[in-house]
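Subject: Structure handover

Hello,

Here is the structure I promised to pass on. Please open it alongside this note.

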Amino acid sequence: MESKYVYLQPTPVRIWHWLNAFGIVTLIISGAQIRFPEYVTVCGSYRSAILLHNTAGIVVALSFSFWFFYYKWVSGALTNIYVPKMDELSNGLLKQVFFYFWGYFKGASSPFHATPDSKFNPMQKSAYLAIMFVIVPLVSLTGIMLLNIGPLRQILLIIGGLQILVALHFLLACMLGAFLMTHVYLATLGSTPLAYFKPMWTGWEKVDHNHHHHVTEELHGAADRS
Ligand code: HEM
């Protein structure tokens, strides 16, 4: 079968993604030890878990800034790639959800095909928007505040004290954990289990001949009808 490749993931995105993934997995493990020291001891002493957690947190916050800088000012595609349009929400989102709960198990292929200008299906757009514009910034912000509680005393008093900040940080981290499990599961549902991982590693996605054929047919069909 003839295949073509498209360049889907530029180098900065790939560097950010794996640094971020490694950092967040480290944060989840060390964070679990800090929260539940009686049950989790993988990082050694309590002090070393905290040190590792603080370091990984700074790495993730910096790599987040790198991600934002790249998409916003280098590629300029941040909004186009990450913010869903009205019809994607009203039509495409449900279609994609239906595919993952039903069509996928019936052997259908995904109703969406990635191109460099439109990399995400409506479900990815919504999830990545929430995770990259809300959850990661807030978990980083609350983490940075917890690293600097001294100078923040006044702000802490206003938002209700350290307990609230700790609870918020933990709750956001749980959401991130829930996203991560879903994200990794969905990432294995390509035409082969590794099909979606390869572009995030090499940059290139394989587009098979069948899909091309299908697209050209659709185009011809549309031309015939017009
Ligand atoms: C072990 C952990 C992880 C694995 C195996 C993994 C896997 C993948 C794969 C295969 C893709 C490409 C498919 C796609 O574009 O949707 C991807 C993209 C993405 N992942 Fe992950 N991921 C991991 C952790 C994370 C974490 C922790 C976050 C965020 C907090 C994250 C956020 C994203 C985003 C935003 C994209 C789209 C990036 C872009 O193209 O701009 N991933 N991931």
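Predicted model: local features only at pLDDT ≥ 70, side-chain atom pairs only at ≥ 80, totals over all residues.

H17 sits in helix α1 and H183 in helix α7, so the pair ties together parts that are 166 residues apart in sequence.

Are these two histidines buried or exposed? The cut-off for buried is under 20% relative accessible area. H17 counts as buried because its relative accessibility is 13%. H183 has 19%, so H183 counts as buried as well.

Helix α7

The helix that carries H183 has 26 residues. From its first C-alpha to its last, α7 reaches 37 Å, close to the 38 Å expected at 1.5 Å a residue. Its buried residues are L165, H169, L172, L176, G177, F179, H183, L186 and A187.

Helix α5

α5 covers residues 122-147, which is 26 residues. Its C-alpha span is 36 Å, close to the expected 38 Å. Where does α5 bend? The bend is at I131, by about 35°. I131 is also one of the buried residues of α5. Others among them are P122, K125, Y128, M132, I135 and V136. Further along, V139, S140, T142, G143 and M145 are buried too.

The buried residues of α5 pack against α1 (11-35), α2 (46-75), α3 (78-82), α4 (86-101), α6 (153-159) and α7 (162-187). The N-terminal end of α5 is capped by N121. A side-chain oxygen of N121 lies 2.8 Å from the backbone nitrogen of M123.

I29 in helix α1

One more residue to look at is I29, found in helix α1. I29 counts as partly exposed because its relative accessibility is 40%, between the cut-offs of 20% and 50%. Leaving out residues up to four places away in sequence, I29 touches V40, V42 and C43. I29 and C43 are 14 residues apart along the chain, and their C-alpha atoms are separated by 8.0 Å.

Best regards

Notes. Residues numbered from 1 in each chain as written. Heavy atoms only, no water. Helix = DSSP H or I, 4+ residues; strand = E, 2+ residues; numbered from the N terminus. Expected span 1.5 Å × (residues − 1). Bend = angle between axes of the 7 residues up to and from the residue. Buried < 20%, exposed > 50% of the residue type's maximum accessible area, 1.4 Å probe, protein only. Contact = heavy atoms within 4.5 Å. Polar contact = N/O pair within 3.5 Å; in protein donor to acceptor, adjacent residues only side chain to side chain.
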